[in-house]
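Me: I would like to learn how to read a structure one feature at a time. Please give the general idea and then the case at hand.

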Amino acid sequence: FTMPVEIEVHYQDGTRDSITGWMKGDVDTFFIKSQNPMDISFVLVDGRNQILKRVQFDRSMTSLKNQAISSPYFISRFEAIYAMRDSSIESKKDALLKAFDREEFLYSKLNIINQLAKDSTDPEIEKFMLKAIKDKHHQVRREVLQNYGVKRASFKSSLIEVLKDTSYFNIKTALEILCKTDSNSFKTYTD
(Lines give C-alpha, C1' and ligand atoms only; values in the text may rest on other atoms or scores of the structure.)
Protein backbone atom coordinates (compact mmCIF):
# COMPACT_ATOMS: atom_id res chain seq x y z
CA PHE A 1 0.00 0.00 0.00
CA THR A 2 1.00 3.63 -0.32
CA MET A 3 -0.37 6.42 1.84
CA PRO A 4 0.40 10.13 2.09
CA VAL A 5 1.64 11.40 5.46
CA GLU A 6 2.36 15.02 6.33
CA ILE A 7 5.60 15.66 8.20
CA GLU A 8 6.36 19.05 9.72
CA VAL A 9 9.55 20.43 11.21
CA HIS A 10 8.88 23.39 13.52
CA TYR A 11 11.74 25.76 14.33
CA GLN A 12 12.55 27.89 17.36
CA ASP A 13 11.67 31.10 15.49
CA GLY A 14 8.11 29.85 14.84
CA THR A 15 8.60 28.95 11.16
CA ARG A 16 8.17 25.46 9.78
CA ASP A 17 8.97 23.23 6.84
CA SER A 18 6.64 20.46 5.75
CA ILE A 19 6.49 17.71 3.18
CA THR A 20 3.95 15.13 2.19
CA GLY A 21 5.77 11.84 2.15
CA TRP A 22 4.38 8.62 0.77
CA MET A 23 4.46 5.60 3.07
CA LYS A 24 5.28 2.55 0.98
CA GLY A 25 5.19 -0.11 3.70
CA ASP A 26 5.02 -0.78 7.40
CA VAL A 27 8.21 1.18 8.06
CA ASP A 28 9.50 4.14 6.09
CA THR A 29 12.10 6.90 6.44
CA PHE A 30 11.70 10.49 5.30
CA PHE A 31 14.20 13.27 4.85
CA ILE A 32 13.36 16.96 4.90
CA LYS A 33 15.82 19.44 3.52
CA SER A 34 15.72 22.36 5.90
CA GLN A 35 15.23 25.79 4.40
CA ASN A 36 15.78 27.31 7.81
CA PRO A 37 19.11 27.31 9.66
CA MET A 38 17.35 27.82 13.02
CA ASP A 39 17.32 25.10 15.66
CA ILE A 40 14.54 22.54 15.43
CA SER A 41 11.87 23.00 18.09
CA PHE A 42 9.85 19.84 17.39
CA VAL A 43 8.80 17.45 14.60
CA LEU A 44 5.24 16.31 13.87
CA VAL A 45 4.39 13.20 11.89
CA ASP A 46 0.72 13.46 10.90
CA GLY A 47 0.22 16.29 13.39
CA ARG A 48 -3.53 16.38 12.84
CA ASN A 49 -3.69 12.66 13.66
CA GLN A 50 -5.60 11.75 10.50
CA ILE A 51 -4.04 8.31 10.08
CA LEU A 52 -4.58 5.38 12.41
CA LYS A 53 -0.98 4.55 13.21
CA ARG A 54 1.71 3.98 15.77
CA VAL A 55 4.62 6.36 15.37
CA GLN A 56 7.78 5.64 17.26
CA PHE A 57 10.56 8.13 17.42
CA ASP A 58 12.56 9.42 20.34
CA ARG A 59 11.80 12.98 21.36
CA SER A 60 13.82 14.98 23.83
CA MET A 61 12.16 16.64 26.80
CA THR A 62 12.87 19.99 25.14
CA SER A 63 11.07 18.86 21.99
CA LEU A 64 8.08 17.60 23.99
CA LYS A 65 7.85 20.86 25.94
CA ASN A 66 8.03 22.93 22.76
CA GLN A 67 5.37 20.77 21.11
CA ALA A 68 3.07 21.04 24.16
CA ILE A 69 3.30 24.83 24.07
CA SER A 70 3.55 25.60 20.36
CA SER A 71 1.95 22.92 18.21
CA PRO A 72 -0.88 24.32 16.11
CA TYR A 73 -2.83 21.05 16.54
CA PHE A 74 -4.60 20.22 19.78
CA ILE A 75 -4.03 16.48 19.42
CA SER A 76 -0.29 16.96 19.01
CA ARG A 77 -0.19 19.20 22.09
CA PHE A 78 -2.11 16.53 24.02
CA GLU A 79 0.28 13.79 22.87
CA ALA A 80 3.28 15.82 24.05
CA ILE A 81 1.68 16.58 27.43
CA TYR A 82 0.76 12.92 27.88
CA ALA A 83 4.26 11.79 26.87
CA MET A 84 5.71 13.85 29.75
CA ARG A 85 3.56 12.10 32.38
CA ASP A 86 6.42 10.04 33.88
CA SER A 87 8.98 12.85 33.86
CA SER A 88 9.92 14.74 36.99
CA ILE A 89 7.77 17.74 37.91
CA GLU A 90 10.80 20.00 37.89
CA SER A 91 11.70 19.08 34.30
CA LYS A 92 8.24 19.90 32.92
CA LYS A 93 6.57 22.35 35.32
CA ASP A 94 7.26 25.58 33.41
CA ALA A 95 6.16 24.09 30.08
CA LEU A 96 2.95 22.64 31.55
CA LEU A 97 2.07 25.96 33.18
CA LYS A 98 2.54 27.77 29.85
CA ALA A 99 0.65 25.07 27.94
CA PHE A 100 -2.33 25.30 30.30
CA ASP A 101 -2.67 29.04 29.74
CA ARG A 102 -3.02 28.68 25.98
CA GLU A 103 -4.88 25.38 25.92
CA GLU A 104 -8.56 25.05 25.02
CA PHE A 105 -8.73 21.25 24.76
CA LEU A 106 -10.28 19.93 27.97
CA TYR A 107 -8.31 16.68 28.20
CA SER A 108 -4.98 18.47 27.87
CA LYS A 109 -5.98 20.73 30.76
CA LEU A 110 -7.03 17.75 32.87
CA ASN A 111 -3.78 15.95 32.10
CA ILE A 112 -1.73 19.01 33.09
CA ILE A 113 -3.56 19.32 36.42
CA ASN A 114 -3.15 15.62 37.09
CA GLN A 115 0.59 15.78 36.48
CA LEU A 116 1.22 18.98 38.47
CA ALA A 117 -0.94 17.86 41.40
CA LYS A 118 1.70 15.28 42.27
CA ASP A 119 3.71 18.09 43.88
CA SER A 120 1.78 19.65 46.74
CA THR A 121 4.72 21.60 48.13
CA ASP A 122 5.59 23.94 45.26
CA PRO A 123 4.17 27.46 45.81
CA GLU A 124 4.04 28.11 42.05
CA ILE A 125 1.92 25.00 41.53
CA GLU A 126 -0.33 26.01 44.41
CA LYS A 127 -0.84 29.42 42.79
CA PHE A 128 -1.67 27.66 39.52
CA MET A 129 -4.17 25.33 41.23
CA LEU A 130 -5.86 28.32 42.89
CA LYS A 131 -6.34 29.75 39.40
CA ALA A 132 -7.39 26.43 37.83
CA ILE A 133 -10.09 25.83 40.44
CA LYS A 134 -11.80 28.94 39.03
CA ASP A 135 -11.66 27.70 35.43
CA LYS A 136 -14.83 28.08 33.36
CA HIS A 137 -15.15 24.32 32.84
CA HIS A 138 -16.58 22.27 35.71
CA GLN A 139 -14.42 19.25 34.87
CA VAL A 140 -11.25 21.32 35.23
CA ARG A 141 -12.44 22.45 38.66
CA ARG A 142 -13.29 18.82 39.51
CA GLU A 143 -9.81 17.64 38.52
CA VAL A 144 -8.28 20.17 40.90
CA LEU A 145 -10.59 19.08 43.70
CA GLN A 146 -9.93 15.39 43.22
CA ASN A 147 -6.18 15.61 42.73
CA TYR A 148 -5.06 18.62 44.73
CA GLY A 149 -7.81 19.97 46.99
CA VAL A 150 -7.14 17.64 49.90
CA LYS A 151 -3.41 18.36 49.98
CA ARG A 152 -3.33 21.98 51.10
CA ALA A 153 -4.85 23.59 54.18
CA SER A 154 -4.49 27.00 52.48
CA PHE A 155 -6.97 25.81 49.88
CA LYS A 156 -9.87 26.19 52.34
CA SER A 157 -11.21 29.52 51.00
CA SER A 158 -11.22 28.14 47.45
CA LEU A 159 -13.08 25.05 48.63
CA ILE A 160 -15.68 27.23 50.30
CA GLU A 161 -16.15 29.08 46.99
CA VAL A 162 -16.70 25.76 45.21
CA LEU A 163 -19.72 25.19 47.46
CA LYS A 164 -21.44 27.64 45.07
CA ASP A 165 -20.34 25.70 41.97
CA THR A 166 -22.71 24.85 39.11
CA SER A 167 -21.72 21.18 39.39
CA TYR A 168 -23.33 19.24 42.22
CA PHE A 169 -20.50 16.72 42.09
CA ASN A 170 -17.97 19.53 42.68
CA ILE A 171 -20.04 20.87 45.58
CA LYS A 172 -20.22 17.40 47.13
CA THR A 173 -16.47 16.85 46.69
CA ALA A 174 -15.59 20.23 48.18
CA LEU A 175 -17.89 19.59 51.14
CA GLU A 176 -16.33 16.17 51.74
CA ILE A 177 -12.83 17.68 51.70
CA LEU A 178 -13.84 20.48 54.06
CA CYS A 179 -15.45 18.01 56.47
CA LYS A 180 -12.38 15.76 56.41
CA THR A 181 -10.14 18.67 57.34
CA ASP A 182 -12.54 20.07 59.97
CA SER A 183 -15.18 17.53 60.96
CA ASN A 184 -16.88 19.91 63.43
CA SER A 185 -17.79 22.42 60.75
CA PHE A 186 -20.33 20.46 58.69
CA LYS A 187 -23.22 22.66 59.86
CA THR A 188 -21.25 25.79 59.02
CA TYR A 189 -21.00 24.79 55.36
CA THR A 190 -24.48 23.34 54.94
CA ASP A 191 -26.52 26.17 56.46
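Predicted model: local features only at pLDDT ≥ 70, side-chain atom pairs only at ≥ 80, totals over all residues.

Me: How is a helix pair described, and at what angle do α4 and α5 pack?

Reply: Two packed helices are described by the angle between their axes and the distance between the axes. Helices are DSSP runs of H or I with at least four residues, strands are runs of E with at least two, and both are numbered from the N terminus. Axes are lines fitted to C-alpha atoms, for helices over the stretch in contact, and angles run from 0 to 180 degrees between N-to-C directions. For α4 and α5 the angle is about 145 degrees, and the axes are 11 Å apart. Their crossing is left-handed (the near helix is turned anticlockwise from the far one by less than a right angle; clockwise would be right-handed).

Me: Which residues of α4 and α5 meet?

Reply: Contact means heavy atoms within 4.5 Å. From α4 come Ile 112, Ile 113 and Leu 116, and from α5 come Ile 125, Phe 128, Met 129 and Ala 132. By class, the residues of this contact are seven nonpolar, no polar and no charged (Ala, Val, Leu, Ile, Met, Phe, Trp, Tyr, Cys and Pro count as nonpolar, Asp, Glu, Lys and Arg as charged, and the others, Gly among them, as polar).

Me: Which residues touch the most other members of the largest nonpolar core?

Reply: In soluble globular proteins, nonpolar side chains tend to be buried together. Buried means under 20% relative accessible area, exposed over 50%, and partly exposed in between, with a 1.4 Å probe and protein chains only. A nonpolar core is a set of buried Ala, Val, Leu, Ile, Met, Phe, Trp, Tyr and Cys residues joined through side-chain atoms within 4.5 Å. The largest one has 35 residues, and Ile 112, Ile 113, Leu 116, Phe 128, Met 129 and Val 144 touch the most other members. Two or more residues each come from α1 (61-70), α2 (74-83), α3 (89-102), α4, α5 (123-132), α6 (138-147), α7 (156-162) and α8 (168-181). Beyond four places in sequence, Val 144 contacts Ile 113, Met 129, Ala 132, Ile 133, Gly 149 and Phe 155.

Me: What covers the buried residues of α2?

Reply: The buried residues of α2 are Ile 75, Ser 76, Arg 77, Ala 80 and Ile 81. Their cover includes β3 (40-45), α1, α3 and α4.

Me: Is Lys 109 buried or exposed?

Reply: Lys 109 counts as buried because its relative accessibility is 9%. This residue lies in helix α4 (residues 106-116). Its side chain makes a polar contact with the side chain of Asp 135 at 3.0 Å (a pair of N or O atoms within 3.5 Å; within protein, one must be able to donate a hydrogen and the other to accept it, and residues adjacent in sequence count only if both atoms are side-chain atoms). Leaving aside neighbours within four places in sequence, Lys 109 is in contact with Phe 100, Glu 103, Asp 135 and Val 140.

Me: Where is Ala 95, and what does it touch?

Reply: Ala 95 lies in helix α3 and, at 5% relative accessibility, counts as buried. Not counting residues up to four places away in sequence, Ala 95 touches Lys 65 and Ile 69.

Me: How should I read phi, and where is Asp 46?

Reply: Most residues other than glycine have a negative phi, and most peptide bonds are trans. Asp 46 has a positive phi, near 55 degrees, and sits in the loop between β3 and α1. With a relative accessible area of 6%, Asp 46 is buried. Asn 49 is found in the loop between β3 and α1 and has a positive phi of about 55 degrees although it is not a glycine. Asn 49 is partly exposed, with a relative accessible area of 35%.

Key. Residues numbered from 1 in each chain as written. Heavy atoms only, no water.
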